[in-house]
Amino acid sequence: NGITGIFSSRALVVDDSISGNRYAIGVFGQLSLDGASTSAGNVYIGNIIEDNTYNDVLVAEEATFGLLGGSFPPGYSGVVAVRGGLQVPTGTTLTIDPGTVIKFANEYSGGAAGSLGRFKVDGVLKSEGTLTEKIVFTSWKDDSYGGDSNADSNATVPGPGNWDVIYLAGASNNASHILHTIVRYGGYAGSGNIRLDLNTAPIDSSFVSYSSNYGIYTVSASPSIFANEIHHNNYGLYITGTSNPVINYNNISENTTYGMYQGTSNTINATNNFWGHESGPFVNQGSPFNLSGQGNRIYIASGAVNYMPYLTTRSGILLGDVSENGSISAFDGALVLRAVVLLDTLSASQQIAADVSGDGNVTAFDASYILRYVVGLITGFPGLGKSSGNGVLATAYEF
């Protein structure tokens with residue numbers, strides 16, 4: 001077949017011989033079904049998959065929901081190639097399995113997803129990777145993640161604008177979350193890597209880079225943007241409409257035009273970010289100026305930006321690491337208990353790391369969560385992706 005041998009929703013693919021196609025296996029529609037044999041997606045047993053153009057790449061397109069990346073045929077690389085575009089329909093949720101690499105092949109399919117290389121989310125997107133298994137959105141030409149998927153022996157290299165955008169469109173995306181996710185080389189036709197419209201979906205502990213235009217673009221959206229690496233875009237952040245995001249503890253550097261463009265009438269909270277240089281961002285509008293700043297520029301078209309204090313070095317916060325030694329141990333739980341009974345005082349950054357419940361307070365419950373994490377009873381903290389009472393997003397932060 002010129003495109004896909006078997007293109008299905010939650011299928012049982014058993015004892016088939018699949019050869020001579022461009023892609024062997026494709027998925028679309030409802031990808032998984034809880035309580036069934038396909039709870040992780042397609043079931044692959046006893047198949048012979050050989051002599052296809054791309055033997056180890058799953059292909060996806062059109063409307064998709066359920067779990068993506070939960071199952072691959074044996075020997076596959078964990079790469080999902082997107083033809084045309086993807087869409088998460090209203091009223092559905094797409095969850096992406098940690099470690100999944102999604103590459104946009106920019107082949108027009110004519111399907112329901114719309115624009116070439118666009119990932120349009122009308123429902124809910126859960127792109128929640130982990131510290132060690134990040135989710136990746138990138139170009140079909142990018143061999144850094146998932147290997148040489150397009151089988152060109154490195155004859156082509158990725159570049160800004162190779163695909164379009166992750167577009168979270170509307171208030172239904174308030175329940176979406178982008179965590180431990182790498183997004184790069186977007187911006188086809190002047191868009192960017194991530195666009196948020198009219199929602200509060202948080203973006204944290206992620207890498208947003210190499211867009212031909214915007215790293216993160218908000219239109220009348222007010223998300224928490226916390227602890228991300230935002231670099232090598234044209235604009236790092238572009239804030240417009242009635243947007244009022246909270247932007248804290250990010251590393252914003254090496255963006256070509258501006259680190260941040262402020263185009264709203266609001267005063268944007270952008271404190272405690274590193275702007276690429278110890279002298280802070282260059283600011284020659286509003287108040288206060290920072291004319292000696294050698295970091296990325298903050299451009300203020302309207303409104304204001306509260307950017308002080310700024311970080312003078314690239315640094316961060318790992319949720320649960322109260323001792324700030326780079327790891328999580330029982331000692332961190334003990335520090336929380338000592339603070340609760342007023343034997344110790346925690347610094348501002350230690351308080352953020354200690355509030356693993358994400359409720360804005362440091363209590364004995366936080367210590368219990370840390371101890372349960374240390375002994376392996378839980379694999380993460382409730383505070384991941386939650387906005388705490390002081391407006392700071394409690395989450396893991398590492399680069």
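Arg118 has 21% relative accessibility, so it counts as partly exposed. That label covers values between buried (under 20% relative accessible area) and exposed (over 50%), found with a 1.4 Å probe on protein chains only. The model is predicted: local features need pLDDT of at least 70, side-chain atom pairs count only at pLDDT 80 or more, and totals for chains, interfaces and linings use all residues. Residues are numbered from 1 along each chain as its sequence is written, and side-chain values use heavy atoms, with hydrogens and water left out.

Which residue does Arg118 meet in a salt bridge? The partner is Asp164, at 2.8 Å from N to O. Arg118 sits in strand S11 (residues 118-121), while Asp164 lies in the loop between strand S13 (135-139) and strand S14 (165-169), so the pair ties together parts that are 46 residues apart in sequence. Strands here are DSSP runs (E, at least two residues), numbered from the N terminus. Asp164 has 3% relative accessibility, so this residue counts as buried.

A salt bridge needs a side-chain nitrogen of Lys or Arg within 4 Å of a carboxyl oxygen of Asp or Glu. The structure holds six of them. One of these joins the side chains of Arg83 and Glu61, at 2.9 Å from N to O. Again, distant parts of the chain are linked: Arg83 is in strand S8 (residues 79-88) and Glu61 in strand S7 (residues 57-68), 22 residues apart. Are these two residues buried or exposed? Both Arg83 and Glu61 are buried.

Now turn to Asp344. Its salt bridge partner is Arg338, and their closest N and O atoms are 2.7 Å apart. Asp344 has a relative accessible area of 26%, so it is partly exposed. Arg338 is partly exposed too, at 38% relative accessibility.

Definitions and conventions: Helices (H or I, at least four residues) and strands (E, at least two) are DSSP runs, numbered from the N terminus.
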